[in-house]
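Please read them with the structure open beside you.

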Amino acid sequence: MPLTLASLAHHSALKLTVRAGEDGLDVPVRWAHASELADPVPYMEGGELLLITALKLDAEDAAAMRRYVKRLVEAGVVGLGFAVGVHYEDIPGALVEAAREEGLPLLEVPRRTPFLAISKAVSAAVAADQYRAVTAGFAAQRELTRQALAGGPEGLLAALAAQVDGWAALYDASGAVVATAPEWAVRRAARLTADVRRLRERAAPASSVVAGPQDDDRVELHSLGTGRRPRAALAVGTAAALGTAARYAVHSAVALLTLTTERSRSLHAAEQRIGAAVLRMLLAGEPDHARAVAGHLYGGLLDAPFRIVVAETGTAPAARAQGEPNGDALGALEEAVESAAARSGEAVLVVPDGERLVVLAADGGAAVAACRDHAAALEAVRGAGGVHEPLVGADEDELVVGLSAPVGPIAASAAYKQAGQALSVARRRGRVLVEHEQMAAGSVVPLLADDAVRAFADGLLRPLNEHDATGRGDLVASLRAWLSRHGQWDAAAADLGVHRHTLRYRMRRVEEILGRSLDDPDVRMELWLALKATSSD
């Protein structure tokens with residue numbers, strides 16, 4: 001317990017007498033300072049017991065004493081010790097009355113008690129309190145270390161909450177609550193997600209103090225991790241500012257959780273290397289070898305239907321090459337997927353592959369859902385107003401994702417191709433995510449919006465367009481009508497408003513100009529696709 005004026009008043013060797021301000025004796029004393037200045041306030045820091053003999057004070061002037069005491073209170077002085085028998089045989093009534101009015105504790109110091117004795121008593125008490133705090137801090141550190149070595153973060157958080165007489169919570173890289181202590185604190189912790197996310201935008205180590213969700217909550221947030229961006233965060237909620245021992249406990253918890261986070265990061269990197277090997281074996285058509293290498297690391301992921309996610313941005317993720325998975329759009333997707341899988345307890349295989357991120361996740365699981373949700377959130381921001389533009393030339397850090405259909409280990413290679421195809425479609429359509437099933441259910445026409453396809457179409461139809469430009473006929477429109485009617489002469493001629501013999505003549509001219517036979521189904525298919533590609537202008 002910190003030293004108080006009450007402790008000094010009860011100190012048997014000092015023989016101090018309380019003359020005013022009895023209600024303020026429980027205030028802690030930071031130091032004892034003797035000063036005979038008429039205005040010692042510029043030299044005060046607050047929390048001091050000021051010792052005087054009134055050498056330079058007119059202690060019998062009521063107005064002067066009121067001004068003097070008022071300035072001391074405003075400066076944070078917690079008590080006034082007056083030595084009697086030096087310049088005044090008793091404490092003047094003007095000073096006693098001024099102290100009573102301001103509620104400032106006034107202690108009478110007998111002549112036989114030197115100020116030095118009071119200073120020594122205060123110094124010894126402060127040193128003892130600091131020693132107790134340091135000892136308690138070391139004890140807390142030992143307990144926290146023991147809990148950290150025992151297993152997960154739950155025990156460490158419980159020990160920390162007990163040390164600070166409050167609650168504690170651990171957040172993952174996405175800002176989601178991982179664990180709390182006590183359990184009732186989970187709702188309070190969840191309300192601070194936005195504050196945790198703001199903290200993650202600052203370089204580690206970072207901390208902040210925020211108002212808690214309850215009126216009596218004071219919450220400290222600390223980032224965890226040694227990289228450019230934090231990988232986790234710790235929240236500590238208390239009813240008041242932390243004392244020395246509690247501060248030791250919090251600092252120890254931050255250090256231990258940071259070590260745990262960095263150790264987990266190293267293990268995660270090793271898991272990713274194993275995952276890359278497993279993925280290569282699956283894509284090479286060696287599911288049995290993949291299972292053997294994976295062992296129990298990915299649980300039953302390889303034995304159940306799974307999906308493959310392929311994600312890209314317009315630039316190589318340099319941040320990941322430096323060991324920072326959070327540094328780009330791919331890293332944000334990786335965090336979202338892994339955090340969702342961790343919270344649901346499901347296995348997920350995540351492999352950074354150059355400019356790509358490849359994810360193998362259980363069909364219908366939390367990781368796939370998180371991928372969809374993450375893409376939908378980006379879509380909402382990127383496509384305000386419902387207008388989507390192709391991503392050609394777009395921001396190089398924009399995310400594009402392809403999702404395969406559900407498959408088993410034998411068809412992993414096919415699923416990887418499906419995801420790649422869906423990703424290409426997403427890029428052409430200006431979408432964040434496209435699923436392979438959506439490609440089969442949609443139209444092929446949007447796929448024609450490609451520079452290579454357009455160049456082919458323009459080249460194929462150029463002779464016909466040049467012919468029509470001379471005003472010698474309308475071969476392009478006639479070809480479109482004929483193909484749309486599947487070669488039915490009468491129906492196509494009726495659509496054009498011409499005689500069927502005129503349409504037959506025009507189709508012969510098309511064959512002559514292009515040097516191709518319209519009886520060939522491949523020729524008809526290519527011409528129809530070329531017409532569709534150019535009609536999108």
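1. T238 is found in strand β10, which spans residues 232-238; helices (H or I, at least four residues) and strands (E, at least two) are DSSP runs, numbered from the N terminus. T238 is buried, at a relative accessible area of 6%, where buried means under 20% relative accessible area, exposed over 50% and partly exposed in between, with a 1.4 Å probe and protein chains only. The side chain of T238 reaches the backbone oxygen of A240 at 2.7 Å.

2. This is a predicted model, in which local features need pLDDT of at least 70 and side-chain atom pairs count only at pLDDT 80 or more, while totals for chains, interfaces and linings use all residues. Residues are numbered from 1 along each chain as its sequence is written, and side-chain values use heavy atoms, with hydrogens and water left out.

3. E435 lies in strand β15 (residues 433-435) and is buried, with a relative accessible area of 11%. Its side chain is joined to that of R372 by a polar contact of 2.7 Å, a term for a pair of N or O atoms within 3.5 Å, of which, within protein, one must be able to donate a hydrogen and the other to accept it, residues adjacent in sequence counting only if both atoms are side-chain atoms. Setting aside neighbours within four places in sequence, E435 is in contact (heavy atoms within 4.5 Å) with R307, R372, L403 and A422.

4. Which residues of helix α9 are buried? In this helix, residues 287-294, they are P287, A290 and A294, and they lie on the same side of α9 because they cover an arc of only 55 degrees around the axis, taken from the directions from the helix axis to the C-beta atoms. On the other side of α9, D288 and A292 are exposed, and just after the helix G295 takes a positive phi of about 55 degrees.

5. The largest nonpolar core has 27 residues, of which M65, Y68, L80, F82 and L106 touch the most other members; such a core is a set of buried Ala, Val, Leu, Ile, Met, Phe, Trp, Tyr and Cys residues joined through side-chain atoms within 4.5 Å. Two or more residues of this core come from each of β3 (48-52), α2 (62-74), β4 (79-83) and α3 (93-102). Apart from it lies another core, of 26 residues, among them F306, L360, A415 and A419.

6. For the protein overall, there are 19 helices and 15 strands, and buried residues make up 46% of the 537 residues.
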